[in-house]
Amino acid sequence: MSLDNDPSGETESSDSPGARAAAHVRSPPRRIWRLARKELRESLRDRRTLATLIAMPLIVYPLLGSVIQRFAINRIDPNAPAAIVVFDGNIPDEIATAIEKGPERDVNPADDSGNDSKLSHDQTPSLQDVARTLAGPSTGTEIGTLARSEDADGPPVRLQRYGQPAKSEFIEEILQAKEADVAVRVKLAVRDAVTGGVTPGDFEVISLSGDAFSRRAAIVVEQRLQAFREREVRQLLDQTRFRSSIMPTISRHTVASRTPAPSPLGAFVPLMLVLMTMTGAVYPAIDLTAGERERGTLEMLMAAPVSRAQLLTGKFIAVVTVAVLTALINLIAMLLTLYATGFDRVLLADGASFRMFFSVLALLVVFASFFSAVLLSITSFARSFREAQAWLIPLMLVSLAPGILSLMPGVNLTAGLAILPLVNIVLLGRELFQGTAAIHLYVITLLSTLVYTILALRVAAGVFGHDTVLFGNSAGAALMLKRPQEKRIRVPVSVGIGWLVVLVPLFLVLSGLRSRIVAPENLTGQLILSGILTIVLFAALPVVITTWLRVSAVNAFALRRFHLTALIGAVLLGGTLWTIAYQVLVFSKGPLQWMELLNNTKLRELAERLTSETPFLIRIVTLALIPAVCEELFFRGFLINTLQKNSGMWLKPMLISTFVFAAFHVVVDQSLTLERFPATFLLGLVLCGIRLSSGSIFPGMTMHAISNGLLLSLKELDPVFQAIGLNLNVENESSLPAWFLVTSALISCFGAALVWLGRRK
Amino acid sequence: MPDLIVAAGLHKTFTTPVGDVHAVNGLSLTVRDGEVFGLLGANGAGKTTTLRMILGLMKPTSGKATVAGFDVASQPELVKRSVALVSASAGLYQWLSPRELMHYFADLYDVTEEQAVLRVQQLTELFDLGSFVDRPCAGLSTGQQQRVNLARSLMHDPPVVLMDEPTRGLDIVGSKRIFDFTARLKEMGKAVVFCTHRLEEAQRLCDRFGLMFRGRLQLQGSLAVLRQQSGRDSITDMFLDLMEQKNSMTEESMQPAHVSASSICEGRTE
């Protein structure tokens, strides 16, 4: 070794570095394993990781369990506020007591003398009782004197008598003043001439309208009155020769449905698990990327002869492992809490089984991988721990939205929702707990999540350790908008993407505001406003940005001369390509229908109203011309310009710009029309192709306008089509005739060839 | 003796929203084995960017560099195996011990287990890490951390050592240790690039110097050559002259300070 104190240490230095470098190179899996092992070792020694990994679940679940239990016991606690019943002064005390105390009091009349509001010690509801009480109507029971009203939602109600009986005419007032919750009035009291006793007449139970508690109390009062009446009748019958046995008895039983109604708590449990898994992954993900950069260890790592992909994979494995460990500990802690509190019988269809445990765990593993990949792709951008945290807050908020959606009643896992990240995991988790998960939905959820994981990892691999992230300084927004001294050819990509980020919410909000400015019934007004909005957002503001940044309009929007051949080609494409796009649209509906994502009745109505209620010229200008001009300026001009690093770069700008173009077209009148995506994507690609080959925006603009115009005038052109023997049957959105499609496709190909011939040399 | 580092016409331009920044502008230099080259300049002169390009951490906008005969652009992995990077801004893994850290880096550089154990022992002795080699790095002092950092960077015993402000934040004792160590590296025949803005300490240590200002190597050569060219005795005076001179010139009229390979040779032979 050359560093020992012996001066003859030159022996090793004289080795060829190349020879040393080539010797003993570790295989990639072994290398990745060693990288991951170190990351894990470091993470697991960190107090903060340990806190989220072990301490949190150990504290959170028992705490949550006891809070729910406390809350639940409160709701059926004999000492909780009772419903106050005010009795008509004419009602005999015997009946009032029967109503107040319920049937049990008759079994053990000695209790009547005791304090009515206290249950004896052994009557205190157990956790299991609480769980059963919360379980829903199917397992309704009575605990002590707490009557459960089977017809009303909610916990049992305890009744308490109003201070003193009231005069019949004041009963409503007492209720209205909220001094009592329910009232019992006797409408007709008859005094028996022989005995001198009072025979009650018709009873009336009065509750406060719009007050659920009062309504529930009224139901209980009514049930007890009926029970009292039945008992009286039976006693009377027993005194006759008929005996009470001639009266039919009615008993009530409940049986649990095979598919239990999803309880809101059912989605809450998987959501909680998902959130805890996220929390477990967040800290290591930040620490191993942005944290390393901040501490200056990332540069040392990048200086080592290890590829970025291997480093990232090592980190990914470490983050996933910590997340899965968190998930596992949480799952165990949660199941133990559920078991101890008795909630398992409410939330888990068949109780906790190993099968359920492992399928939920598998789901959480897949989710942990997905979320870790997303986290790494974001934290790899960040230059410091704090910046990473700032980035993750919006991510967490965005992640909460689908979680909350899954808590909504009536939202069930469908094939469509099974491809929606996070929603699919929470909904599937709920179904797994309830034992109702369909196998194909399980597979779709796992596969789609896997695809998202791979995509997120690809993004992370592109960002992690990249020059600009590793060494760059974050240019503030102020710097981005600072006016440069010199003229430029391109809008910086940060500004272009920045505008896009602003544009999306602006577009959605302003589109929504349209109906505030002009009445929704005024379709012509709506169309004009929509046209103005398109001009402002997609043309005017980008022009302001490029002028400010001293990028000439010619460069920014490709306002260049073009070859006439390219224009002719574009006209032919505009005249024929819509048929193929239309057919793609028709085809796209099939799979979406299957995924239950198609809901276009509202839009079809809108389309019909547009045709019948607005002038043709307005429609053509606002829906064909303005979009053609403005969208070309923005998507094929501004966006392509900002996304291209040099004029030779085309594929990436083309794909990104077209994707954004298609995504904007999916949102129509604040509804998502996913079926439009493939067709618009196809048109966008062709328009991009024309722009890049001709070097100018104008041929594409022409094609766009013709294509839009033709689609809008299909109804007006119907006589023309009929004349050539073509029945398009556009209203039913059925497939076009094959010969028509083939002819259109051939003409389109010819048009494309012309565009190619007229390309910019 | 072979040139272990050869850089020719290195340029690095950063594109920012307000325009292009030329961080390194046509830099050429060579460093042979057993030589300490002082890359001197104020903060932001482009020293660190130059080191990063030589190491292959950053792609040059144009220009070429080779390290130990390997091309930085096409053989980055072999270049990285031949270089140790010592940087003041480098941190340590807080939850690992110096021993674990050294083994981890030995692993990254594919040093065998047996070699690594031996090497850790030698470096622990050399840098006097014995008393804290098994304690977590989080509890070490700045000087101790810098020593661990040096030991870590030399685990794979490379022929080239790039030192970026290695004495930043160190006290006199700590700095002296770095100087002694650099002298030892020289004895061992390593090619060392020593980046610093502390000119006096560099003057004592380095064989040749490159004075960087605004991304360019304005002066280059041995102390004797620099004295002859500038008419000044100390490097600090030379540097102050340079700054004054350049500041008085507008950016446009500045003459590109091309440092040709021949001038480097001249500097060396003197």
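At 55% relative accessibility, Lys167 of chain A counts as exposed, and this residue lies in the loop between strand E2 (159-161) and helix H8 (171-176) of chain A. The C-alpha atoms of Lys167(A) and Asn90(A) are separated by 8.0 Å, although the two residues stand 77 residues apart along the chain. These values, like those that follow, belong to a predicted model.

## An enclosed strand in chain A

Strand E3 (residues 182-186) of chain A is largely enclosed by the rest of the structure, because 5 of its 5 residues are buried. The covering applies to both faces of E3(A): Val182(A), Val184(A) and Val186(A) are buried on one side, while Ala183(A) and Arg185(A) are buried on the other. Strand E1 (residues 83-87) of chain A pairs with E3(A) in the parallel sense over 3 bridges, and here Val85(A) stands opposite Val182(A). With strand E6 (residues 203-207) of chain A, E3(A) runs antiparallel, and 5 bridges join the two strands; in this pairing Arg185(A) stands opposite Glu204(A).

Which residues form a nonpolar patch on the surface? The patch is formed by Leu44(A), Leu50(A), Ile54(A), Leu58(A), Ile59(A), Leu63(A), Val67(A) and Leu325(A), which together have about 660 Å² of accessible area. Helix H4 (residues 47-76) of chain A gives the largest share of this patch, with 6 residues. Leu325(A), in turn, lies in helix H12 (residues 308-341) of chain A, and with a relative accessible area of 32% Leu325(A) is partly exposed.

Thr337(A) also lies in helix H12 of chain A, but Thr337(A) is buried, because its relative accessible area of 15% is under the 20% that marks the cut-off. If residues up to four places away in sequence are not counted, Thr337(A) touches Tyr61(A), Pro62(A) and Gly65(A).

## The open sheet of chain B

In chain B, 6 strands form an open sheet in the order E6-E7-E8-E3-E9-E10, and their pairing is mixed. The edge strands are E6 (83-87) and E10 (216-222) of chain B, each of which pairs on one side only. On average, and with direction ignored, neighbouring strands of this sheet are turned by 15 degrees against each other. Within the sheet, strand E3 (residues 35-41) and strand E8 (residues 191-196) of chain B pair in the parallel sense over 6 bridges, and the bridge partner of Gly38(B) in E8(B) is Phe194(B).

Two helices lie across strands of this chain. Helix H1 (residues 47-55) of chain B lies across E3, E6, E7, E8 and E9 of chain B, and runs at about 155 degrees to E7(B). Helix H8 (residues 223-230) of chain B lies across E9 and E10 of chain B, running at about 120 degrees to E10(B).

Two loop residues of chain B deserve a separate look. Most residues other than glycine have a negative phi. Asp157(B), however, has a positive phi near 50 degrees, and its place is in the loop between helix H5 (142-153) and E7 of chain B. Arg214(B) likewise has a positive phi, of about 50 degrees, without being a glycine, and is found in the loop between E9 and E10 of chain B. Are these residues buried or exposed, wholly or in part? Asp157(B) is buried, with a relative accessible area of 2%, whereas Arg214(B), at 35%, is partly exposed.

## Salt bridges

Side chains of opposite charge can pair when their charged atoms come close. Over all chains, a search of the whole structure finds 37 salt bridges, and the table gives some of them.

| Residue | Partner | Closest N to O distance |
|---|---|---|
| Arg48(A) | Asp46(A) | 3.6 Å |
| Arg81(B) | Asp110(B) | 2.9 Å |

Asp46(A) is buried, with a relative accessible area of 2%. Glu100(A) is buried at a relative accessible area of 8%, whereas Arg161(A), at 26%, counts as partly exposed. In the other chain, Arg81(B) and Asp110(B) are both buried. Finally, Lys38(A), Glu39(A), Glu42(A), Glu292(A) and Lys315(A) are linked in a network of salt bridges.

Terms used
Residues numbered from 1 in each chain as written. Chains lettered and ligands numbered in written order. Predicted model: local features only at pLDDT ≥ 70, side-chain atom pairs only at ≥ 80, totals over all residues. Heavy atoms only, no water. Pairing = 2+ DSSP bridges. Helix = DSSP H or I, 4+ residues; strand = E, 2+ residues; numbered from the N terminus. Axes fitted to C-alpha atoms, helices over the stretch in contact; angles between N-to-C directions. Contact = heavy atoms within 4.5 Å. Patch = residues over 30% accessible without salt bridge, like charges linked within 9 Å, V, L, I, M, F, W, Y side chains within 5 Å. Areas by Shrake-Rupley, 256 points an atom, 1.4 Å probe, with all protein chains shown as cover. Salt bridge = Lys/Arg side-chain N within 4 Å of Asp/Glu carboxyl O. Buried < 20%, exposed > 50% of the residue type's maximum accessible area, 1.4 Å probe, protein only.
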